[in-house]
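Please open the structure in your viewer and keep the selection tool at hand.

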Amino acid sequence: MSKMFELAKEQYAGIGVDVEKAMELLANAPLSIHCWQGDDVLGFEGGETLTGGIQATGNYPGRARNIAELRSDMEKVLSYVPGAKKVNLHANYLDSSKPVARDELEPKHFETWVEWANALGIGLDFNTTFFSSPLSEKGSLTNPDEGLRAFWIRHAKCVRDIAEYFGRSTGKTCVTNHWIHDGEKEVPIDTVGPRMRLIDSLNQIFAEKKNLEYTRDALESKLFGIGSESYVPGSNEFYWAYVVQHPELLITMDAGHFHPTELISSKISTVLCFAEKMLLHVSRPVRWDSDHVVLLDDETRQIMREVVRADALDRVYIALDYFDASINRVIAWTVGARNARKALLAALLEPVDKLKKLEAEGDNSSRLALQQELLTMPMGAIWDEFCERQGVPVGTKWLEDAKKYEREVTIKR
């Protein structure tokens with residue numbers, strides 16, 4: 001325990017913050033780390049191109065080409081990130097020696113992922129994969145071709161079965177996110193029809209009730225996408241209305257899926273007023289949903305503040321969603337994950353009760369002054385101590401190791 005930590009701990013205690021409690025809460029709050037940063041979202045179906053509005057920009061060497069390489073890279077990242085962790089998979093990351101249609105996926109195609117996760121003591125989250133398929137060129141759950149729409153409904157049902165298997169097998173609830181790329185480049189004449197087909201598809205998908213201890217389903221909206229700039233059936237309003245009618249489902253809010261002037265941090269408290277739980281996709285849009293590496297920026301910090309101030313750590317699932325192929329992928333992964341953790345720590349180091357008391361008393365002057373003082377409090381010393389206790393590298397030591405891993409492993413691919 002360093003002298004810097006002791007001094008920082010004393011300084012935080014002076015404003016009513018229990019540093020030890022904050023670190024305990026941080027350690028036990030799971031962060032779901034996405035697998036697709038390591039291979040540019042290609043998965044292991046044999047495809048080499050992305051469709052459905054998905055793009056990974058850059059061609060930095062060292063992309064994971066198979067499951068063994070991806071797991072090796074992820075294990076390196078997991079060793080750099082403190083606190084409880086989960087790994088978030090897409091359905092196209094199956095482990096199979098032969099091709100499997102997406103509507104024929106079974107738990108057996110993911111058994112090695114469960115074995116791997118259990119060996120590491122982590123949980124698994126899951127996602128339906130509707131993009132990058134010739135069968136979804138005209139949409140998935142809103143497809144006007146009833147045969148193709150039925151195919152994607154079966155796919156979602158398969159995914160839900162696998163998710164329940166994940167939760168039962170790991171002992172940690174698997175959160176399944178459902179996002180479709182369906183939409184139009186121009187506003188269609190019939191804007192109702194696709195949404196009615198989507199309602200019917202969702203009704204069929206969620207007709208079978210799952211054990212909520214093992215798995216939860218979430219619906220992710222989007223404002224627009226590449227090729228769907230003008231109309232998206234699965235809008236925020238659409239999914240909100242659907243979830244209100246189906247309270248066992250969750251809303252997913254992605255930092256890049258709203259208008260550039262909208263911030264998901266401003267929406268979290270609204271969701272929590274009406275929903276039991278929710279899912280966050282922490283990302284960083286730059287003028288569009290570009291999924292840049294998460295920074296310790298104002299919005300990331302405000303997202304975590306909203307969760308903590310609402311006392312909702314047990315009601316909000318926090319997941320990452322970005323993929324940068326222009327820089328070292330392991331480093332990109334780690335920077336974003338550690339920044340998400342740092343932002344949550346900063347939120348936990350706020351004297352929330354004291355700030356709320358000042359607010360209730362109408363002392364907004366003191367509230368503002370204290371908030372500004374917090375910006376220069378010695379959080380870094382607390383973070384370093386937390387990393388030390390969690391057995392992960394402190395400061396930039398992880399970067400030295402990541403560069404060594406690049407020289408010895410990824411650059412040779």
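Begin by selecting Asp291, which is found in the loop between strand 7 (278–282) and helix 9 (298–309); helices (H or I, at least four residues) and strands (E, at least two) are DSSP runs, numbered from the N terminus. This is a predicted model, in which local features need pLDDT of at least 70 and side-chain atom pairs count only at pLDDT 80 or more, while totals for chains, interfaces and linings use all residues. Residues are numbered from 1 along each chain as its sequence is written, and side-chain values use heavy atoms, with hydrogens and water left out.

Although Asp291 is not a glycine, it has a positive phi of about 55°. Most residues other than glycine have a negative phi. Asp291 is buried, with a relative accessible area of 6%, where buried means under 20% relative accessible area, exposed over 50%, and partly exposed in between (1.4 Å probe, protein chains only).

Select Asp311 next, in the loop between helix 9 and strand 8 (316–320). Asp311, not a glycine, has a positive phi of about 55°, and at 65% relative accessibility Asp311 counts as exposed.

**Helix 1 and its cover**

Move to helix 1 (residues 3–13), and colour Phe5, Ala8 and Tyr12, which are buried. Seen down the axis of helix 1, the buried residues fall within an arc of 65°, so they line one face of the helix; the arc is that of the directions from the helix axis to the C-beta atoms. On the other side of helix 1, Lys3 and Glu10 are exposed.

What covers the buried residues of helix 1 includes helix 2 (19–28) and helix 13 (379–390). Show helix 2 beside helix 1: their axes come within 9 Å and cross at roughly 105°, the axes being lines fitted to C-alpha atoms, for helices over the stretch in contact, with angles that run from 0 to 180 degrees between N-to-C directions. Helix 1 and helix 2 are therefore roughly perpendicular to each other, a term for angles of 65 to 115 degrees. The contact (heavy atoms within 4.5 Å) is made by Phe5, Lys9 and Tyr12 of helix 1 and by Val19, Glu20 and Met23 of helix 2.

**A tryptophan in helix 13**

Now select Trp383, whose place is in helix 13. At 4% relative accessibility, Trp383 counts as buried. Leaving aside its neighbours within four places in sequence, Trp383 is in contact with Pro82, Arg338, Arg341, Lys342 and Leu345. The C-alpha atoms of Trp383 and Gly395, 12 residues apart along the chain, are separated by 9.0 Å.

**The interior**

Which residues touch the most other members of the largest nonpolar core? Select Phe126 and Phe166, which do so among its 122 residues; a nonpolar core is a set of buried Ala, Val, Leu, Ile, Met, Phe, Trp, Tyr and Cys residues joined through side-chain atoms within 4.5 Å. The largest share of this core, 12 residues, comes from helix 10 (residues 329–348). Apart from it lies another core, of six residues, among them Leu250, Leu279, Tyr317 and Ala319.

Finish at Ser133, in the loop between strand 3 (123–127) and helix 5 (146–170). Ser133 is buried, with a relative accessible area of 10%, and it touches Thr51, Arg102 and Trp152, not counting residues up to four places away in sequence.

Notes
Parallel < 35°, antiparallel > 145°, perpendicular 65-115°, else oblique.
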